[in-house]
Amino acid sequence: MLVVTLVLAAIGFGLLVIALMTGSIAWAWGCIAVCVAGGVILLASSLTSRDPATPGKPSRRRASPSARPTRGDEQHDSRE
């Protein structure tokens with residue numbers, strides 16, 4: 001989907017250049033339409049790619065190395 005939005009952005013830029021060179025409002029509206037379509041596709045792609053963590057399903061993220069206990073993090077027995 002990202003490739004599609006990049007292609008639409010390139011097409012929109014081309015239409016903008018043509019609109020500025022010719023002074024035609026039709027090319028400018030075409031640029032706006034293409035860019036809005038690309039924005040909608042990008043937004044839909046980003047919203048559907050999110051993977052919310054459900055209570056029964058483990059998360060895909062791994063613990064970072066700093067989250068691992070080190071020698072100084074050990075629990076000491078206070079009865080010593």
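The model is predicted, so local features were taken at pLDDT of at least 70 and side-chain atom pairs at pLDDT 80 or more, while totals for chains, interfaces and linings use all residues. Residues are numbered from 1 along each chain as its sequence is written, and side-chain values use heavy atoms, with hydrogens and water left out.

The protein chain has two helices and zero strands; helices (H or I, at least four residues) and strands (E, at least two) are DSSP runs numbered from the N terminus. Helix H1 covers residues 2-22, and helix H2 covers residues 25-49. The accessible surface of the chain, from the Shrake-Rupley method with a 1.4 Å probe and, for residues, only the protein chains shown as cover, comes to about 7,200 Å². Carbon and sulfur atoms account for 65% of this surface. Of the 80 residues, 10% are buried, where buried means under 20% relative accessible area, exposed over 50%, and partly exposed in between (1.4 Å probe, protein chains only).

Thr 5, in helix H1, counts as buried because its relative accessibility is 10%. Its side chain reaches the backbone oxygen of Leu 2 at 2.7 Å. When neighbours within four places in sequence are left aside, Thr 5 is in contact (heavy atoms within 4.5 Å) with Gly 38, Ile 41 and Leu 42.

Gly 30 lies in helix H2 and is partly exposed, with a relative accessible area of 24%. The C-alpha atoms of Gly 30 and Leu 16 are 8.4 Å apart in space, for a separation of 14 residues in sequence.

With a disulfide defined as a pair of cysteine sulfur atoms within 2.5 Å, the count is zero. The closest cysteine sulfur to that of Cys 31 belongs to Cys 35, and because the distance is 4.2 Å, the pair is too far apart for a bond. Cys 35 is accordingly in no disulfide. Cys 31 is buried at 9% relative accessibility, whereas Cys 35 is partly exposed at 39%.

A nonpolar surface patch is formed by Phe 13, Leu 16, Val 17, Leu 20 and Met 21, with about 550 Å² of accessible area together. Patches comprise residues with over 30% relative accessible area and no salt bridge, like charges being joined within 9 Å and nonpolar side chains (Val, Leu, Ile, Met, Phe, Trp, Tyr) within 5 Å; a salt bridge is a side-chain nitrogen of Lys or Arg within 4 Å of a carboxyl oxygen of Asp or Glu. Met 21, found in helix H1, counts as exposed at 68% relative accessibility.

Conventions: A polar contact is a pair of N or O atoms within 3.5 Å; within protein, one must be able to donate a hydrogen and the other to accept it, and residues adjacent in sequence count only if both atoms are side-chain atoms.
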